[in-house]
Amino acid sequence: SLYYSYKAYELSKKIQNLRLSLNSIDYLIQTQKHIGNFAEAIKLVFEGIELGKKNNDTTSILYFSSSIVDIYRTAKDYKNQLVYAIKSRQTAAQYSSNEQAKGILDDYATIGDAHQNNGNLDSALYYFNKDYEITLKDTTHSLSLALTNLGEINLRLKNYDIALIFFKNAIKKYPEELKKDLI
């Protein structure tokens, strides 16, 4: 699979087909991440960002800038997960007219998750609360996920009664959101 994916990437560059190049880079990133070759996945992310910049493709720049966060999270490199979660928001702010940028700018849960993984529980609570506030206003976001995050962080903070309330509310919202395909 990797062999043919690299061949596809090389051929797409040779025929100068931007969409095929970006698609093959994305496939390679996902495959490398899946097999645990995180360094190669990150190298490919930066290739995708540069290719996007060279071709003024803001959607690709935003996509690859935010995907690096997931790679570091999967690699359990939580320090870099936090660094790139913040950088991803900064990149989104530069391209705020792009629709995808709004989703990244509204994604406080990713920063909260990075803080939680780094043991910064008060910061995680702050960002999970910001995510919850946005989710209450925007029905395209998953309220059950925001509630689950708040439940988890309160559990880690040993606020057991509060955590239980959030978890119970998340369970109530989940079937409704599953029908709407928000999960």
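Q: Quick one to start: is Ala41 buried or exposed?
A: Ala41 is buried, because its relative accessibility is 0%. The model is predicted, so read that value as computed from predicted coordinates.

Q: Where is Ala41 placed?
A: Ala41 sits in helix H3.

Q: Leaving out neighbours within four places in sequence, what is Ala41 in contact with?
A: With those neighbours set aside, the contacts of Ala41 are Ile29, Gln32, Lys33 and Ile71.

Q: And Tyr160, how many residues from Ala41 in sequence, and what distance in space?
A: Ala41 and Tyr160 are 119 residues apart in sequence. In space they are 39 Å apart, C-alpha to C-alpha.

Q: Zooming out, what is the secondary structure of the protein chain?
A: Ten helices and zero strands. Along the sequence the pattern reads α-α-α-α-α-α-α-α-α-α.

Q: What box do the C-alpha atoms fill?
A: Roughly 60 × 30 × 30 Å, taken along the principal axes.

Q: How many of the residues count as buried, as a percentage?
A: The protein chain has 183 residues, and 39% of them count as buried.

Q: Contacts with a separation of 6 or more: what share comes from residues 24 or more positions apart?
A: In the protein chain, 50% of those contacts.

Q: How do the lining residues of the largest pocket divide?
A: Nine are nonpolar, ten polar and seven charged.

Q: What about the second largest pocket, what volume there?
A: The second largest pocket has a volume of about 150 Å³.

Q: Which residues line the second largest pocket?
A: Phe46, Ile49, Lys53, Ile61, Ser65, Ile68, Tyr84, Lys87, Ser88, Thr91, Gln94 and Tyr95. Helix H3 (38-54), H4 and H5 are the elements that give two or more residues to this lining.

Q: New topic. How many aromatic pairs does the structure hold?
A: Seven aromatic pairs. One of them is Tyr72 with Tyr84, a stacked pair at 5.4 Å centre to centre, with 20° between the planes.

Q: Where do Tyr72 and Tyr84 sit in the chain?
A: Tyr72 is in helix H4 and Tyr84 is in helix H5. They are twelve residues apart, and the pair links distant parts of the chain.

Q: Why does Tyr72 count as buried?
A: Tyr72 counts as buried because its relative accessibility is 10%, and the cut-off for buried is under 20%. Tyr84 has 16% relative accessibility, so it counts as buried too.

Q: How is the Tyr132 and Phe166 pair arranged?
A: Tyr132 and Phe166 are edge-to-face, at 6.4 Å centre to centre and 80° between the planes. Tyr132 is in helix H8, Phe166 is in helix H10, and they are 34 residues apart.

Q: What is the relative accessible area of Tyr132?
A: Tyr132 has 24%, so it is partly exposed. Phe166 counts as buried, at 17% relative accessibility.

Q: Back to Tyr84: which residues form one aromatic cluster with Tyr84?
A: Phe46 and Tyr72 form one aromatic cluster with Tyr84. Phe46 and Tyr84 also line the second largest pocket.

Q: Last topic, backbone. What is the phi of Gln16?
A: Phi of Gln16 is near 55°, a positive value in a residue other than glycine. Gln16 lies in the loop between helix H1 (2-14) and helix H2 (18-35).

Q: Is Gln16 buried or exposed?
A: Gln16 is exposed, because its relative accessible area is 73%.

Q: And Lys158, what phi?
A: Lys158 has a positive phi of about 65°, although it is not a glycine. Lys158 is found in the loop between H9 and helix H10 (160-179). With 57% relative accessibility, Lys158 counts as exposed.

Conventions:
Residues numbered from 1 in each chain as written. Predicted model: local features only at pLDDT ≥ 70, side-chain atom pairs only at ≥ 80, totals over all residues. Heavy atoms only, no water. Nonpolar A, V, L, I, M, F, W, Y, C, P; charged D, E, K, R; others polar. 1 Å grid on protein atoms, 1.4 Å probe; cavity = no way out; pocket = protein on both sides within 12 Å on 5 of 7 lines; lining within 4 Å. Points joined across faces, edges and corners; volume = space filled by probe spheres on them. Helix = DSSP H or I, 4+ residues; strand = E, 2+ residues; numbered from the N terminus. Buried < 20%, exposed > 50% of the residue type's maximum accessible area, 1.4 Å probe, protein only. Contact = heavy atoms within 4.5 Å. Phe/Tyr/Trp six-rings, centres within 6.5 Å; stacked < 30°, edge-to-face > 60°.
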